[in-house]
Amino acid sequence: MGLKLRIDRIPRQKIPGSGIIYIPSGKYLKMATFGFSSLMADLVFIWAIQYFGNVDIPNRLDSFVHVFSIISELDPRYVDPYEVGALISLYDAKNIPLALRILDMGLAKNPDMWIFPLEAGHYAQIYKRDFPLAKEYYKKAMEIPGAPDIAKRLYANASFKAWDIKTAWETWLEVYDTAKEERLRKIASNNLYNIKATVDIRGLRSALEKHRAKYGRYPDRLSDIVRAGLLPYIPQDYDNKDYIYDPKTGEVKTAVIPWKR
Amino acid sequence: MTIKTIALNTFKEAIRDRILYLLFFFAALAMIVSRILALLTVGDRAKIIKDVGLASVSLFGTLMAILIGTGLVYKEIEKRTIFTLISKPMRRYEFLLGKFFGLVLTLFVILLLMSIIFLALVFAYTSAIDWRLLLAVLFVFVELILITAVAILFSSFSTPILSSLFALCFTLIGHFSWSLETLIKKIPAGALKVLAQVAYTILPDLENFNYKTEVVHGLAIPAQTLLYSAAYGILYTVFILMLAVLVFRRRDFI
C-alpha cells in the first residue's frame, strides 16, 4: 500500500483523452460491444461530458467530432448527445458550422425527429444570421410528421428575413387560415401586415427617391408620385389604411406598429 | 416424470450455488450504482438507469448460465453419482433434459428477482413502471435458454473450464455474427463468399434476441419480428439439445 501511495505521488505526463482518440470509428467499436452498444454509448457520452467540460485540457475540442460520431454510431437514436454536442460547439468552441454538422448527423440518423432541424434553424437564424439556411432547416422540420406548429411560423419568418416574400406571404396566409386559436390568427395577421407594409414602403421609398432625383425634392403628397408616372397607384396597408408620409424627410411609415394592432 | 424430478432436484441444487448469489449481488449492485452514474449525464437520466439495468440482467444472466451450466453434468461425472443415475430405469436424454430444465427454472427465478429490482429502481426514478422493459428481459431469457443448452452440450464431453470457454466463445460469436453480413457484402463472388454465407447461416445470431435499444428508446417492434426471434431461439435450442443428447448417449464415463 505504501508503494502504491508513493507511485501515485510521482507526476506522470498524460495526454487527456488519448485513449478514445485512437479508437476507430463507432461502426467498428459497435462490433466490440457484443450487444451492449447502447450502454457503451451512454458511457462514452458520460465520459465526453466530463472531458469536454474540463476547460483546463488544451485542444480538447480537436477530437470533438470523432467522439460524437462514435456515440452516434453506437446508439443513433440517443438524442441528448446531438443536442449537447451542438450546444458545446456553439458556446464553447464558438463554431456554428460544427454545431450544425452535429445536428445534421442527428437528422441523418433520425429522419423522423423534427427537433434537430428545428434547433439547427434556430442556430442558423440567431447565431449565424443565415436566413436562407434557417429557412431550409425550418422547412425540413415542418415537413416531419409530429412537428410543432411553430416550425411553420418560424419558416415563414425566416423566409421573410431571407426576402422570399412570396413564400413568407403564402405561409403566413396558410397559418392564418388553419389557426385554431385566435392568438395564432392575430400573430399571422400581424406578420401579413408587416410583410405588406415592408414591401409597400420599399416600393414607395424607391419611387420617392426617383421623384427627388427628377424634380430635386420629395413630392408634397404621395399621390404626386402617381401623377408623375412613377407608380401605377398608391398602396394601402393590410387594414386598407393610408401610410403616413412626411414630405420634408421623405419618410413613409405605417399608421400603427404591426405588433400592436 | 423423470425429467421433472431431475429438473426440480437440479433447481434445488443450483439455487444453493454460491456463484449464483455472488453474481446476483453484483447485478443488483450494478443497477443501484446506475443511479449514481445517471447523475453524471446531461439529459435523459432514466436512459442510463434502463441501459445499465438491462445490461446487468443480460451480462450476469449469461455468466450464471455458463458458470452453473458447464458444471451441471461434469459434477455428476466427477462425483461418480452418474453411475447411480444411469443404472436407474432412466434414459440418458431424460437426465440431460432434466438438468437443462432445472437450470432454466433457476435462471427464470433469478431473472424474475433481478427484474423486480430493476423495475423498482426505474419506478423510484421515473414514478412509472415501464412494462416494455420486461419485453427486453423476456428475450434476454430466451437467449439465456440457448446459452444454457450450449453450456450443457459442452459440459457433456468436456471439463468445466473448457466448457465455460467454449460457451463464452459461442456467446461472443453470437453477438459478433451480424458483422459477418457486412463482410459478406464486401467479399467478391467466389468460394470465400459462399463459405462466409454458410458460416453466417450456421453460426448463432444472438442479436436476434437483443431488443434492449428498441425498448429503451420506445421504438415499435413488429410482432412478427418478436415471433420469429422466439421461434429461432427455441428451434436453435432444440437443435443444440439434440446434439448434446447424441454426444452424451455415446459418452463413456470410465
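Helices (H or I, at least four residues) and strands (E, at least two) are DSSP runs, numbered from the N terminus, and the expected span of a helix is 1.5 Å times one less than its number of residues. The model shown here is predicted, so that local features need pLDDT of at least 70 and side-chain atom pairs count only at pLDDT 80 or more, while totals for chains, interfaces and linings use all residues. Residues are numbered from 1 along each chain as its sequence is written, and chains are lettered from A and ligands numbered from 1 in the order in which they are written.

**View 1. Helix H12 of chain A, residues 182-215.** This helix has 34 residues and reaches 48 Å from its first C-alpha to its last, close to the 50 Å expected at 1.5 Å a residue. Its buried residues (20 or more other C-beta atoms, placed from the backbone, within 10 Å of their own) include Ala188(A), Asn191(A), Tyr193(A) and Leu204(A). Among the elements that cover the buried residues of H12(A) are helix H10 (150-161), helix H11 (165-178) and strand S2 (251-253) of chain A. Just after H12(A), Gly216(A) takes a positive phi of about 80 degrees.

**View 2. The overall form of chain A.** Chain A holds 13 helices and two strands, and its C-alpha trace spans about 100 × 40 × 30 Å along its principal axes. The radius of gyration of chain A, taken over C-alpha atoms, is 28 Å, whereas a compact globule of 261 residues would have one near 18 Å, by the rule of 2.2 Å times the number of residues to the power 0.38. The domain assignment, which is automatic or from a database, gives domain 1 (15-159) and domain 2 (192-260) of chain A, and 47 Å separate the centres of these two domains, taken over C-alpha atoms.

**View 3. The contact between chain A and chain B.** Counting residues as in contact if their C-beta atoms, placed from the backbone, lie within 7 Å, the contact takes 15 residues from chain A and 22 residues from chain B. On the side of chain A that touches chain B, helix H4 (37-52) and helix H6 (79-91) of chain A each supply at least two residues, and the largest share, seven residues, comes from H4(A).

**View 4. Two nonpolar cores.** A nonpolar core is a set of buried Ala, Val, Leu, Ile, Met, Phe, Trp, Tyr and Cys residues joined through C-beta atoms within 7 Å. In the largest one, of 114 residues, Met64(B), Ala149(B) and Val150(B) touch the most other members, and helix H6 (residues 132-155) of chain B gives the largest share of this core, 17 residues. Apart from it lies another core, of six residues, among them Leu204(A), Ala207(A), Leu208(A) and Ile225(A). Not counting residues up to four places away in sequence, Met64(B) touches Leu20(B), Leu23(B), Leu107(B) and Ile110(B).

**View 5. Lys94(A) and Asn240(A), two residues other than glycine with positive phi.** Lys94(A), in the loop between H6 and helix H7 (96-109) of chain A, has a phi near 55 degrees; this residue is exposed (12 or fewer other C-beta atoms within 10 Å), with 11 such atoms. Asn240(A), in the loop between H13 and strand S1 (244-246) of chain A, has a phi near 60 degrees and is also exposed, with 6 other C-beta atoms within 10 Å.

Methods. Two residues are in contact if their C-beta atoms, placed from the backbone, lie within 7 Å.
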